[in-house]
Amino acid sequence: MTLSILLKRATSVGDRFRHLAITVLVVLVLAVLLHAEAVLTTGGAVDKSMRYDIAMSGLNGRVDAVTARQRISQYAATGRVSDAEEAWLFYNILASRIETWSSGAFGAFVSASPQRKAMLDELSRDVASIEGDYAALPDREALARIDAVLEKAVGVIDRIGGEALMDNLVEAADIRATLLERQRLQNILVEVLVGTGAVLLLFMSFQARSLRRARATAEQTAREFEFAARHDPLTGLPNRIAFHDALEQAISSGRPRDADRLAVLALDLDGFKAVNDILGHASGDDLLRSVADRLRRIVADWGPRDVVSRLGGDEFTVLTRISGGEDEAVARAKLLIDGLHEAHTLSGGNVVVNATIGVALAQDEESGSSMLQNADLALSHAKATGKGRVQLYDVSMRADATRRRQIEEGITQALDEGDIATHYQPQVDMRTGRIVGLEALARWRHPALGWIPPSEFIPIAEASGRIVEIGERILEQACRDTLALPVELPVAVNLSVAQLAREDLAETVADVLLRFGLPASRLKLEVTESVVMKDTRRAIATLKKLKALGVSISLDDFGTGYSALSYLRSFQWDELKIDRSFVRSLDSDRHSLSIVTSILELAARLDIGVTVEGVETEEQVALLTGAGCRVAQGFLFGAPVPASDLGALLARGGRAEGETRSSASVAAVSPARGIV
């Protein structure tokens with residue numbers, strides 16, 4: 001029954017009072033209907049806003065694609081490892097986003113159109129195709145391919161997202177039609193509403209209360225979303241975004257007193273990985289929560305505006321205000337270390353951890369990002385020089401970081417242009433003076449930095465994953481140069497940790513020997529105990545495969561590791577190389593000579609050859625030969641030289657130019673010994 005019929009019936013009565021009563025009642029009913037419609041519409045809108053629709057999925061996809069492209073562009077501009085890691089992270093986020101588009105509501109939307117499905121399938125293949133290019137960074141061609149695919153991804157996602165938005169608009173029209181239908185249903189209730197004003201009022205009260213609850217729910221959800229966006233879900237601490245905002249705000253607002261300065265403390269737990277590996281990830285999470293609570297309590301005593309945050313993993317940062325300069329900043333950092341060192345009670349047991357902290361104080365006109373970078377540099381320097389300590393930032397660290405970045409970026413060019421070359425140091429029979437072998441060592445002359453010692457560029461190459469390529473290059477060059485010598489001498493080549501960890505190392509060595517025609521008996525591969533200790537079982541298995549090829553295997557730096565003797569039992573070594581640390585003190589420490597003599601006697605009993613490293617004086621030669629040693633290498637017999645100088649070296653025999661050198665003069669000109 002419609003409102004117009006009710007009005008006609010009311011007019012036929014003719015009674016003014018009744019007419020007035022009906023009119024008031026109709027107005028009341030209309031008000032109730034309008035109120036009910038508002039409640040339904042608002043409640044539906046609130047409900048709709050709390051659901052994840054396909055338009056939002058399309059928008060998120062575009063954000064992921066744009067972010068992935070921004071990160072790869074940022075890496076292309078800076079070349080930093082951290083930027084590469086972020087580029088790889090957002091690439092994986094984009095790939096996951098595209099994969100989720102093939103399922104659920106958005107998958108149904110895409111599948112509804114063959115053209116959209118074809119576009120998404122092609123985009124999925126394109127994005128998957130550049131996964132390997134990330135591993136090839138910073139290769140320029142890889143960067144170009146990645147950028148092209150990400151640019152295409154933005155366009156495709158824009159198009160599909162736009163269609164998703166249009167689909168949502170159509171859905172919105174359907175919702176409006178549904179609301180109109182609901183309004184018609186409300187009209188059917190008019191007779192019931194007219195029958196009793198009391199029920200109508202109760203209904204209005206109930207609907208009003210529902211609206212208030214819906215609004216309160218929406219506001220609470222919004223607050224929760226805002227908190228989650230700016231806080232770490234595990235510890236409840238502010239996250240990186242919130243910390244950066246607090247730091248920028250503190251810098252822009254100025255200092256409360258002239259004597260106050262801002263300080264950023266970057267903190268990293270020592271041995272956190274071991275807790276995860278031994279006690280499990282649940283205990284690791286318990287430890288992170290315990291650390292967060294400790295930091296929160298300690299920093300709360302410093303000031304109400306000081307901030308503790310968790311950046312991720314076991315990395316925490318603290319923003320504090322100090323009045324005592326660097327000494328106070330260091331003192332506060334030590335308070336954190338002492339507070340965290342007390343035992344933490346976890347589900348898997350009690351754990352004691354140390355922390356390493358880098359400290360950076362605000363300088364004039366310095367940005368928050370720069371302060372955080374400085375603190376990270378100080379932290380990295382502290383971890384490299386000894387964990388469990390506090391390190392203040394100074395400008396030399398940025399210079400070191402810049403030099404490291406130059407070296408890391410220059411490795412690729414050096415490999416392409418052959419700047420990382422192979423030099424050779426002779427191994428001499430001390431009784432006859434005859435050269436009996438060569439050791440191949442890597443040397444690099446950087447076009448801008450000059451000679452870079454292997455002790456500096458080898459760890460960087462290992463961290464960047466280029467050490468395997470360098471090792472193979474040295475191996476190939478050593479085989480080529482040795483084969484060209486006028487005499488048949490063996491050549492020793494060092495193996496790195498990364499090379500020994502590869503399953504195909506034996507196949508690689510066999511291929512190199514075959515390609516260059518060098519007999520396996522003329523190749524000696526050297527490994528240090530520290531290399532074997534990384535994964536003893538796998539290392540020994542690989543060494544047995546190499547030995548089966550016919551090459552000799554040497555244990556380098558023997559005597560410096562606590563478990564070196566155990567390796568003599570697990571593998572049949574061809575040679576032991578006595579570390580130079582024993583040779584250096586032969587004439588001043590009788591214990592060194594006793595150790596060398598014992599090693600020689602042990603090797604003789606086990607039928608293992610011995611070479612002594614670092615021989616620099618005739619006195620050392622006399623002591624070594626007296627102890628029964630025959631083969632040695634060192635600057636007394638010759639420094640590492642390029643292949644072009646090998647002829648002169650062989651013609652000169654087993655002495656360096658000038659016959660002998662004092663230890664002091666040799667040390668002054670000796671380049672650092674290479675790992676490969």
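## Aromatic pairs

In this predicted model, tyrosine 91 and tyrosine 134 are both buried. Their rings form a tilted aromatic pair, with 4.6 Å from centre to centre and 35° between the planes. Tyrosine 91 belongs to helix 4 (residues 81-100) and tyrosine 134 to helix 7 (residues 131-135); the pair thus links distant parts of the chain, 43 residues apart. Ring pairs also bring in Trp88, giving a cluster of Trp88, Tyr91 and Tyr134.

The structure holds five aromatic pairs. Another of them joins tryptophan 444 and phenylalanine 457 in an edge-to-face arrangement, at 5.5 Å centre to centre and 85° between the planes. Because tryptophan 444 lies in strand 9 (residues 435-446) and phenylalanine 457 in helix 17 (residues 454-464), this pair ties together parts that are 13 residues apart in sequence. Tryptophan 444 and phenylalanine 457 are both buried.

## Arginine contacts

Two arginines are described here. Arginine 116 lies over the face of phenylalanine 109, at 3.9 Å from the ring centre.

Arginine 466 is located in the loop between helix 17 and helix 18. Its side chain makes a polar contact of 2.5 Å with the side chain of threonine 412. Leaving aside residues up to four places away in sequence, arginine 466 touches Ile411, Thr412, Leu415 and Ala461.

## Nonpolar cores

The largest nonpolar core comprises 79 residues, and those with the most contacts inside it are Leu523, Leu525, Leu543, Leu546, Trp573, Val612 and Val615. Helix 18 (residues 467-483) supplies the largest share of this core, seven residues. Apart from this core lies another, of 33 residues, which includes Leu237, Leu295, Val318 and Leu336.

Leucine 523 has contacts with Leu475, Val491, Val493, Val509, Leu513, Leu518, Val551 and Ser552, not counting residues up to four places away in sequence.

## Helix 18

The length of helix 18 can be checked against its residue count. The expected span is 1.5 Å times one less than the number of residues, so the 17 residues of helix 18 should span 24 Å; the end C-alpha atoms are 24 Å apart, which agrees.

Methods:
Residues numbered from 1 in each chain as written. Predicted model: local features only at pLDDT ≥ 70, side-chain atom pairs only at ≥ 80, totals over all residues. Heavy atoms only, no water. Core = buried A, V, L, I, M, F, W, Y, C linked by side-chain atoms within 4.5 Å. Buried < 20%, exposed > 50% of the residue type's maximum accessible area, 1.4 Å probe, protein only. Helix = DSSP H or I, 4+ residues; strand = E, 2+ residues; numbered from the N terminus. Contact = heavy atoms within 4.5 Å. Phe/Tyr/Trp six-rings, centres within 6.5 Å; stacked < 30°, edge-to-face > 60°. Lys NZ or Arg CZ within 6 Å of the ring centre and 35° of its normal. Polar contact = N/O pair within 3.5 Å; in protein donor to acceptor, adjacent residues only side chain to side chain.
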